[in-house]
Amino acid sequence: MASISEDTGEETPLQVRLNGVATFIGIVGLAVALFVLIVLLCRFFTGNTKNPDGTTQFVHGKTSVSKSIDGVVHII
């Protein structure tokens, strides 16, 4: 019983596996989030997003830099 209650600082095989799974899930989640961000930014800068009144949010050459930054902030 005494050896069970002692903490040797070593990870058990289950803890090693769970750490590996948690790392994998974190990497996959980060990759999906990055992919979605890239898709949304591409949609915004190609003019495929609309305002509630139906007008295009980004028009190349007509939209000011501050409006573009506001759009990117809304995406993020």
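1. Gly20 is partly exposed, with a relative accessible area of 41%. The residue belongs to helix H2. Between the C-alpha atoms of Gly20 and Cys42 there is a separation of 33 Å, the two residues being 22 apart along the chain. The model under review is a predicted one, and the points below should be read accordingly.

2. Confidence comes next. The chain has a mean pLDDT of 84, and 91% of its residues reach 70 or more. The mean pLDDT is lowest, at 59, in helix H1, which covers residues 2-5, whereas H2 has the highest value among the elements, 93.

3. What elements does the chain contain? There are 3 helices and 0 strands. Read from the N terminus on, the order of the elements is α-α-α.

4. The overall dimensions deserve attention. The radius of gyration of the chain is 24 Å, while a compact globule of 76 residues would have a value near 11 Å. The C-alpha trace spans about 75 × 20 × 20 Å along its principal axes.

5. How much of the chain is buried? Buried residues account for 8% of the 76 residues. The accessible surface of the chain amounts to about 6,500 Å², and 67% of that surface belongs to carbon and sulfur atoms.

6. Is Phe35 buried or exposed? Phe35 has a relative accessible area of 56%, and because the limit for an exposed residue is over 50%, Phe35 counts as exposed.

7. The aromatic rings give a count of 1 pair. The ring centres of Phe44 and Phe45 are 5.0 Å apart and the ring planes stand at 80°, so this pair is edge-to-face; the cut-off for that class is an angle over 60 degrees. The two partners may be considered in turn. Phe44 has a relative accessible area of 3% and is therefore buried, the limit being under 20%. Phe45, with a relative accessible area of 38%, is partly exposed.

8. Gly29 is another residue of helix H2. Its relative accessible area is 37%, so Gly29 is partly exposed. Gly29 and Pro52 are 23 residues apart along the chain, and their C-alpha atoms are separated by 30 Å.

9. Asn19 also lies in helix H2. Why does Asn19 count as partly exposed? The reason is its relative accessibility of 38%, because partly exposed residues fall between the buried limit of under 20% and the exposed limit of over 50%.

10. In summary, the predicted model shows a chain of 3 helices and 0 strands, in which H2 has the highest mean pLDDT among the elements. The radius of gyration is 24 Å, and buried residues make up 8% of the chain.

Terms used
Residues numbered from 1 in each chain as written. Predicted model: local features only at pLDDT ≥ 70, side-chain atom pairs only at ≥ 80, totals over all residues. Heavy atoms only, no water. Buried < 20%, exposed > 50% of the residue type's maximum accessible area, 1.4 Å probe, protein only. pLDDT = per-residue confidence, 0-100. Helix = DSSP H or I, 4+ residues; strand = E, 2+ residues; numbered from the N terminus. Phe/Tyr/Trp six-rings, centres within 6.5 Å; stacked < 30°, edge-to-face > 60°. Rg over C-alpha atoms; globule rule 2.2 N^0.38 Å. Areas by Shrake-Rupley, 256 points an atom, 1.4 Å probe, with all protein chains shown as cover.
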